[in-house]
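The entries below follow the order of my reading.

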Amino acid sequence: MTAPAPIVTPATPVVSPGTLPATPTDGASDLDAIRAVVRDSLAPLTLKIDEGYYPAEVLRALGAAGTFRQHLASQNGRGTVDIQAALSAMDIVSQECMSTGFMVWAQDVACWYIEMSGNDFLKETLLPKLACGAALGGTALSNPMKYLAGIEPLLISAEETEDAFIMNGTLPWVSNLGADHWFGSIYKVSGDEPRDVMAMVNTSWPGMELKQLAKFCGMEGTGTYALSFTDVRVPKTHVVGDPLLPYLKKIKAGFVLLQTGMATGLIEDCIQLCEAVEPRFAHVNCYLDDRPDELREELEDARELIEALSADVFNPSTDFMRSVLEARLLGSELSLRAANAAMLHTGASGYLHDAPAQRKLREAYFVAIVTPAIKHLRKELDVMAAA
């Protein structure tokens, strides 16, 4: 990523009351509207996004089309949690541009954090704005998830006051951010009985600093920053999880399952790339592994599995969570195979600088390394098997 000067913005007040009404929808009409945004607004920018452009206007248009509200019972007009509808929306976006699909996931889980909390203030104020794209935001749970899995220490600490937490520390990579964006953060509260707490934080609060410190080989337009906290005051009105562990158990399956929409969309487009060259190259591509018809059969099986899991997202059993992690792992592994197949099937044309196939290959590796990465998932599954 290009490294501009750090973003240091003026203080902004906490979000003020004033909800935006949820628009009743049957879901299908939203998907048509999302396809239109992808066709008319996203597709012309895909290469620019891959080079580092953050498409805030596209995200707001996707929000207005209903992309971010599908899984939210309080916002989707249907009154039910609908993870599958959210995945369908993310799949559509990810077929065109998985960088944007990833930002859809980040926005979805920012909404999920509030929807699953007991915080009525944020549900009445911030949630409607995130759900319609009027406010944008992401997730800062990569480090906490690794911390909870015993992979690395928690990087943010806080001192508790009567009405706030004062946060300090640094997080290396947090996505879908910019000035006046929101994200969920977990921090360790010091004291006689230390505990972990989660809250929604705004990037424009005093003491927050955003820096771009590296240039990646892909996913450059995702608004990814290193975050520095220096005595950042987080009002207790913005806490979503305290105590933390019961809250995390409630959100974890949805958090993980929602990522599978990135994978299915990517895999679908890779299959279509393979299918598009069949008229010219079938006579020689028939010697390749992972032919498009074989990949499509595996993709449809994966979609059926994910849909079944999405219908039972609050199942507390260990077996269910194991199945969720296995589905997420399957998405990573199939993404790598499909992207590799797209490169081999398209041949030299897929190796061009602006070719979709080589972009899909870089995106597939992101599916495999973003938290929870393949190695993280296999570690958790191994721990479960040993229990």
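Entry 1, strand pairing. I began with Ala164 and looked for its bridge partner in strand E7, which is Pro235. I note that the model is a predicted one. Strand E7 covers residues 225-235 and runs antiparallel to E3, with eight bridges joining the two. I then turned to the pairing of E3 with E2. Strand E2 (residues 156-160) and strand E3 (residues 164-174) are also antiparallel, and I recorded five bridges for this pair. Ile156 has Gly169 as its bridge partner in E3. Three residues lie between E2 and E3, and the two strands form a hairpin.

I next asked which residues of the largest nonpolar core touch the most other members. They are Tyr187 and Leu227, in a core of 114 residues. Helix H13, residues 318-346, gives the most to this core, namely twelve residues. In soluble globular proteins, nonpolar side chains tend to be buried together.

I listed the contacts of Tyr187, leaving out residues up to four places away in sequence. Among them are Ile156, Phe165, Met167 and Val239. Tyr187 also touches the charged residues Arg195 and Asp196, and the run continues with contacts to Val197, Met198 and Ala199.

How many cavities of 30 Å³ or more does the structure hold? I found one. The largest cavity contains about 50 Å³ of space. Helix H10 (260-276), helix H12 (292-310) and H13 each supply at least two residues of its lining. The lining residues include Thr260, Ile267, Leu299, Ile306, Leu330 and Gly331.

I located Met116 in the loop between helix H5 (98-115) and helix H6 (120-124). Is Met116 buried or exposed? Its relative accessible area is 7%, and because the cut-off for buried is under 20%, Met116 counts as buried. Apart from residues up to four places away in sequence, Met116 touches Tyr247, Lys250, Ile251 and Phe314. I also looked up the separation of Met116 and Leu248: they are 132 residues apart in sequence, and their C-alpha atoms are 9.5 Å apart in space.

Key
Residues numbered from 1 in each chain as written. Predicted model: local features only at pLDDT ≥ 70, side-chain atom pairs only at ≥ 80, totals over all residues. Heavy atoms only, no water. Core = buried A, V, L, I, M, F, W, Y, C linked by side-chain atoms within 4.5 Å. Buried < 20%, exposed > 50% of the residue type's maximum accessible area, 1.4 Å probe, protein only. Helix = DSSP H or I, 4+ residues; strand = E, 2+ residues; numbered from the N terminus. Contact = heavy atoms within 4.5 Å. Pairing = 2+ DSSP bridges. 1 Å grid on protein atoms, 1.4 Å probe; cavity = no way out; pocket = protein on both sides within 12 Å on 5 of 7 lines; lining within 4 Å. Points joined across faces, edges and corners; volume = space filled by probe spheres on them.
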